[in-house]
Amino acid sequence: MALPSNVFRKLFNMGIEGTLGSDIQSLSELEQLDLSYNRNLGGPLPQSIGNLKQLVVLSLNSNQFAGEIPASLGRLSNLTWLDLAGNQLTGRLPTSSDEGSGLDQLLNTLHLLLDHNNFTGEIPESIGLVRSLEIL
C-alpha cells in the first residue's frame, strides 16, 4: 500500500520511542520523513533507509540515533535536505571512495546538517565538491 508523502510530515516532536527497523524500506514512495525531536527515538540508522529512493527530505535530528551514518544514504539521489544533527552518531563520514556510496553522492542536496554528533576525522574533501550544497 502506497502512503501519501505528507503522512510523515507531522511526526516530529511526538514523543515517539524505539528504533527504525529495516522494514522502513517498504515505504518506497515516501518523499518526506521528519522524525526530528523525538528524544526517545534511537539506535542505529538502518542501511535500508538508502532504499527510499523518492525521499526529498530526511530529518532525523535531535534524537538518540547512534553508530555510523549508513553509506547507503548516498543512494538517495532526490534528497535536498538531510538533517542528522543532535544525535549520538559516530565514526567517519561515509564517502563513495570508501564505501562504494556515500554522502558525496548527494548531488542535489542543499542542506546537509550533521553538527552535535561525535564524528571522527575531518570532513572529506569530496563532500565539499557537491556543488548544490548551501549549508554544511
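**Pocket, cavity and sheet**

Author: Leu-93, Leu-112, Leu-113, Leu-114, Asp-115, Phe-119, Thr-120, Gly-121, Glu-122, Ile-123 and Leu-136 line the largest pocket. This is a predicted model, in which local features need pLDDT of at least 70, side-chain atom pairs count only at pLDDT 80 or more, and totals for chains, interfaces and linings use all residues. Residues are numbered from 1 along each chain as its sequence is written, and side-chain values use heavy atoms, with hydrogens and water left out.

Reader: What volume does the largest pocket have?

Author: On a 1 Å grid over the protein atoms alone, a pocket is an open set of points with protein on both sides within 12 Å along at least five of seven lines, and lining residues have an atom within 4 Å of a point. Grid points are joined across faces, edges and corners, and a volume is the space filled by probe spheres set on the points. For the largest pocket this volume is about 180 Å³.

Reader: Which residues line the largest cavity?

Author: A cavity is a set of points where a 1.4 Å probe fits but cannot get out, and the whole structure has one of 30 Å³ or more. Its lining is made up of Leu-103, Leu-106, Thr-109, Leu-112, Ile-127, Val-130 and Leu-133.

Reader: In what order do the five strands of the open sheet lie?

Author: Strands are DSSP runs (E, at least two residues) numbered from the N terminus, and two of them pair if DSSP finds at least two bridges between them. The edge strands, β1 (17-19) and β9 (118-119), each pair on one side only. With parallel pairing, the order is β1-β3-β5-β7-β9.

Note on methods
Helices (H or I, at least four residues) and strands (E, at least two) are DSSP runs, numbered from the N terminus.
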